[in-house]
Amino acid sequence: MEEKKISSFLDRLKENAKKQEHYGVKTEENEAKTNSLNCINCGAGRTKHDGITHCGYCGFEFIKVKLTDGIY
């Protein structure tokens, strides 16, 4: 007698995902890139700690918003 394999919902979902055909636009795989921003005023690269809101070298203000830790 042949045994029937009982597959779980998750197993059936995985099998259906494997059988699924791709449709629409082809995607392209690109390497990850980073953008570095320089100070508009002096041209220096942004520093690790001071570079979010203002330039660590000349003090030019990039963002005029006070950043908080979210705790009130």
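This is a predicted model: local features need pLDDT of at least 70, side-chain atom pairs count only at pLDDT 80 or more; totals for chains, interfaces and linings use all residues.

Student: How many helices and strands does the protein have?

Tutor: The protein has one helix and zero strands. Helix 1 spans residues 9-19, and Leu-10 lies in it.

Student: What makes the contact between Lys-18 and Glu-15 a salt bridge?

Tutor: The N to O distance between their side chains is 3.9 Å. The cut-off is 4 Å between a side-chain nitrogen of Lys or Arg and a carboxyl oxygen of Asp or Glu, so the pair qualifies. The structure holds one salt bridge.

Student: How are Lys-18 and Glu-15 placed in helix 1?

Tutor: They are three residues apart in helix 1, which means a separation of about one helical turn.

Student: Why is Lys-18 called exposed, and Glu-15 partly exposed?

Tutor: Lys-18 has a relative accessibility of 66%, and exposed means over 50%. Glu-15 has 39%, a value in the range between 20% and 50%, so the term for Glu-15 is partly exposed.

Student: What makes Phe-9, Leu-10 and Leu-13 a nonpolar patch?

Tutor: These three residues together have about 330 Å² of accessible area on the surface. Membership requires over 30% relative accessible area. Leu-10, at 48%, passes that requirement and counts as partly exposed.

Student: How do you know that the structure holds zero disulfides?

Tutor: A disulfide is a covalent bond between the sulfur atoms of two cysteines. The count for this structure is zero. For Cys-39, the nearest cysteine sulfur is that of Cys-58, 3.8 Å away. The limit is 2.5 Å, so Cys-39 is in no disulfide.

Student: Are Cys-39 and Cys-42 buried, exposed or partly exposed?

Tutor: Cys-39 has a relative accessible area of 3%; buried means under 20%, so Cys-39 is buried. Cys-42, at 40%, counts as partly exposed.

Student: What share of the protein is buried, and what is its accessible surface?

Tutor: Buried residues make up 8% of the 72 residues. The accessible surface is about 7,900 Å², with 52% belonging to carbon and sulfur atoms.

Technical notes: Residues are numbered from 1 along each chain as its sequence is written. Side-chain values use heavy atoms; hydrogens and water are left out. Patches are made of residues with over 30% relative accessible area and no salt bridge: like charges are joined within 9 Å, nonpolar side chains (Val, Leu, Ile, Met, Phe, Trp, Tyr) within 5 Å. Accessible areas come from the Shrake-Rupley method with a 1.4 Å probe; for residues, only the protein chains shown count as cover. Helices (H or I, at least four residues) and strands (E, at least two) are DSSP runs, numbered from the N terminus. Buried means under 20% relative accessible area, exposed over 50%, partly exposed in between (1.4 Å probe, protein chains only).
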